[in-house]
Each structure stands twice: as C-alpha cells, then as structure tokens.
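Subject: Structure for your attention

Dear colleague,

Please find the structure below, passed on to you for study. My notes on what was found in it follow.

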Amino acid sequence: MGEMEQLRKEAESLKDDITAARKAVQDLTLQDHVAGTAVVGRVQLKTRKTLRGHLAKIYAMHWGTDSKLCVSASQDGKLIVWDSYTTNKVHAIPLKSSWVMTCSYAPSGNMVACGGLDNMCSIYNLKGKDGNVKVMRELAAHTGYLSCCRFLNDNEIITSSGDCTCVLWDIETGSQKTVFAGHLGDCMSLGVAPDFNTFISGACDFTAKLWDIRDGQCRQTFGGHESDINAIGFFPNGNAVITGSDDASCKLYDLRSDQELITYQDSSIMCGVTSIAPSLSGRLILAGYDDFNCNIWDSLKAERVGVLSGHDNRVSCIGVTPDGMACCTGSWDSFLKIWN
Amino acid sequence: MSNNSAGGLVSLQKNVKQLRFEAGIRRIKVSQAAADLKTFCLQNAHKDPLLMGVPSSDNPFRPPKSCALF
C-alpha cells in the first residue's frame, strides 16, 4: 500500500510541475498581444439553402473535400449525401441501426461512415460497381456508443467512444490498429490535425487530449472546462485546438505553449455548446448551442460578432466547407441550413 | 482484494508515467504562440469568405439572378 501512496504523491507533484511549467512560459497573454487589434465587424450570414428530407433529429454532418457534397445522419435511420449547391439528395442510405450519433465523409469522396448506440462504425462504399450503396465493413470492438468518427484515408478511420477510448482502425481487415486509452470519461468528439499526424479528443472527464496517431502516445492533456467537452476541432494552422463544452463556454488551447489562451463565454449564454468549427482563417469561431442558435466569435478578441438563428430546435452539428465558402448547421428540427 | 490492488497499482504506474511524459514536453513562450496565431489570422483574412463576405457572382450557393428574354 505504501507504493500506491507514493505513486499518488508523485502524480500530484507532477501535476504541480506541469502547472508551473505552463506558468513559466506565460510572459504575455493573448489578450495583451491583441490589445491593439480591432474586433471584426458584425458578421451577418444568411441562410442560402435549407436541406429538407430528414424525418427526425439530425445528429451529425460532415463536408466532403469538394466543399459541395456533404453527409448528414439522423435518427430517422438515414444517412443522406446532399449536393449542397442544388439541395438534391445524391444518396439516401438506410441504416441498420437508427440510433446514429456521428457520420464522416472520406477525403477521397469514395466512402462515408457512421455509428452510434450500436457501438459500431459502419463504412459504406459510395462508388460500388452496380451503383448501389452498400455496407463495406462493420468495425466492432468498442464497448460503448460511437460518438465521432473521422477518415484518415480510404483504409484508416479513427473513432471515439462512450467506452472512454479512441481507436484507429484498418478498414480492409476490420481490425483495431491502435487503441488510445487515457480519458476517464466518455469520449465525445475528435478532430484530425491538418497534417494527419495527430488527433485531438474531447471527453466527459472535462479534458481534451492530443494523440500521436502512429505511436499511440497521448502527448498533451488540456483541462479547464467545468463540464463535458462535446465538440472539438483544430485551428486551421494546426497549432491550436478549439473546444465547446456543456459549461457554456468554448476555449482555445495552444499546442506549442501547452495551455489555454482564451475562453469564449458570455454571462447571457447559459446552455451547452454542441458543435464547433473555425472559419478558413481561424478568425471566426462558429459554435452551435442548445438554445437553438449558433454564435460567431472573434477568435482573437473573444467577442461575439454574430448569431445564426433560424433553427427551431437544438443545433447539433456544424461544419465549415474546406474552401471556407459556407457553413452548414444541422439541427434537431430535422433541417440543415447552409449559410454565408 | 489483492487483484484489486494489483490493478490499482498498474493504473497508478501508468498515470505517473503519462504525467512524467507530459511534464517533460518542450513549451514555447505564450508571446510567440499568440503572435503566430494573430499573424495567421491576419495574413489569411483576405481569403476567408465568411469573414470578407461573398459577392453573389462568386457564391455557388446563390446563383446570380439573370433576366432571360425569349
């Protein structure tokens, strides 16, 4: 028992070391640095398209790399691939399990994936020979719900789960290549770095973790949130991470200085953040909330510079096109809206 | 009981090992990090459509209104 007590003491001491090391590089705050920068002007985006077709709550959406096609998942048991320019449905894929919580579009455009309370990640081939979309693989091993999934390429996908782990899968063999364990609560969301070498996960233990995809090592852990982290994403230059939490705030963590630089919150906002996405330059952070709105934040000045209102229920997902031209919001009201 | 302790011990050992790793990473100064973030935002602002606005002629989600006379 003596050894365990020693280890506990060592753990506390190391946590103090990390806190001290972070403070030691805090020669200036981000606020100090941008004191002379003007806040961006009011951002007023309009709904350009409404994608209608789902019959129940939309839980997730993801843009394809062409910035035109996107996939959405709804608990009506369907994955729909949309041409967002025309609002046409390119594919309407019926799912085995309607309890879907996440979906992803492969960078190649050849596949989509989804998963949820079935604890599995199902991969669908969009480019099958006979034109029918079929299940290509069912990746099963998680012992909890699938909260998020993101393709690295046509043969590798990363999943996050309510079983507190993230997994890197080999799609061809259906096997787990790497298990990323360390979170002490359900993993809710993940984001892949622009260079595909690392990924970040947000969890119900109130922390975000940065993982090395190839060696499985957790490189950094970021705390500060006071409740579950529901949404996470990379800042476009890959050097920072943005998170959205049930504590009604969003935060920006810088990777190279290993600390939180700024919090996006307002006393008038008292509901959880469900989804988050940066604009192309990172200057705007769009965040979806439980109160049916989406707030637009000036990422450097931490001021709210716009609101997207138009949904009749919770905004559950948000995504900015890779070319930065528009953002898409998905809601429990069963509609997706495209804004710019 | 001893199984519990063994599991608890391994878990604590892993935790300490992970914390040691995280404590040892190299950190740059916040002034440098902040400067790089600000520079990136400002340098890319002009090509950020949501920030700059999208003229209707270039907006794929909003075809320009055309008047056709037959």
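The side chain of A:Ser147 comes within 2.6 Å of the backbone oxygen of A:Cys187. Please keep in mind that this is a predicted model. The side chain of A:Ser147 also has a polar contact, at 2.8 Å, with the side chain of A:Ser160. This serine belongs to strand S10 of chain A, which covers residues 146-153. Is A:Ser147 buried or exposed? Its relative accessible area is 8%, and the limit for a buried residue is under 20%, so A:Ser147 counts as buried. Setting aside residues up to four places away in sequence, A:Ser147 touches A:Met101, A:Thr102, A:Ser160, A:Ser161, A:Cys187, A:Met188 and A:Ser189.

A second residue to look at is A:Thr165, which is part of strand S12 of chain A (residues 165-170). A:Thr165 has a relative accessibility of 14% and is therefore classed as buried. Its side chain is joined to that of A:Asp163 by a polar contact of 2.8 Å. When neighbours within four places in sequence are left aside, the residues in contact with A:Thr165 are A:His142, A:Thr159, A:Ser160, A:Val179, A:Phe180, A:Ala181 and A:Cys187.

Next, I would draw your attention to strand S3 of chain A. Why is S3(A), residues 69-74, described as largely enclosed by the rest of the structure? The reason is that 6 of the 6 residues of this strand are buried. In a regular strand, side chains alternate between the two faces of the sheet. In S3(A), A:Leu69, A:Val71 and A:Ala73 point one way, while A:Cys70, A:Ser72 and A:Ser74 point the other way, and all are buried.

S3(A) has a pairing with strand S2 of chain A (residues 58-63); the two run antiparallel and are joined by 5 bridges. Within this pairing, A:Ser72 of S3(A) is the bridge partner of A:Met61. The hairpin of S2(A) and S3(A) has 5 residues between the strands, and in this hairpin A:Ser67 takes a positive phi near 60 degrees.

S3(A) is also joined to strand S4 of chain A (residues 78-83), again antiparallel, by 6 bridges. Here A:Ser74 stands opposite A:Lys78 in S4(A). The hairpin of S3(A) and S4(A) has 3 residues between the strands, and A:Gly77 takes a positive phi near 85 degrees in it.

Finally, I turn to the interface of the two chains. How many residues does each chain bring to the contact? Chain B contributes 43 residues and chain A contributes 65 residues. Together, chain B and chain A bury about 4500 Å², of which 70% lies on carbon and sulfur atoms. There are 3 salt bridges between chain B and chain A. One of the salt bridges links the side chains of A:Glu10 and B:Arg20, at 2.6 Å from N to O.

On the side of chain B that touches chain A, helices H1 (2-23), H2 (30-44) and H3 (49-52) of chain B each supply at least two residues. The largest share of that side, 13 residues, comes from H1(B). By type, the residues of the side of chain B that touches chain A are 24 nonpolar, 8 polar and 11 charged.

Yours sincerely,
A colleague

Definitions and conventions
Residues are numbered from 1 along each chain as its sequence is written. Chains are lettered from A and ligands numbered from 1 in the order in which they are written. This is a predicted model: local features need pLDDT of at least 70, side-chain atom pairs count only at pLDDT 80 or more; totals for chains, interfaces and linings use all residues. Side-chain values use heavy atoms; hydrogens and water are left out. Helices (H or I, at least four residues) and strands (E, at least two) are DSSP runs, numbered from the N terminus. Buried means under 20% relative accessible area, exposed over 50%, partly exposed in between (1.4 Å probe, protein chains only). A polar contact is a pair of N or O atoms within 3.5 Å; within protein, one must be able to donate a hydrogen and the other to accept it, and residues adjacent in sequence count only if both atoms are side-chain atoms. Contact means heavy atoms within 4.5 Å. Buried area is the accessible area (1.4 Å probe) that two parts lose on being put together, summed over both. A salt bridge is a side-chain nitrogen of Lys or Arg within 4 Å of a carboxyl oxygen of Asp or Glu. Ala, Val, Leu, Ile, Met, Phe, Trp, Tyr, Cys and Pro count as nonpolar, Asp, Glu, Lys and Arg as charged, and the others, Gly among them, as polar. Two strands pair if DSSP finds at least two bridges between them.
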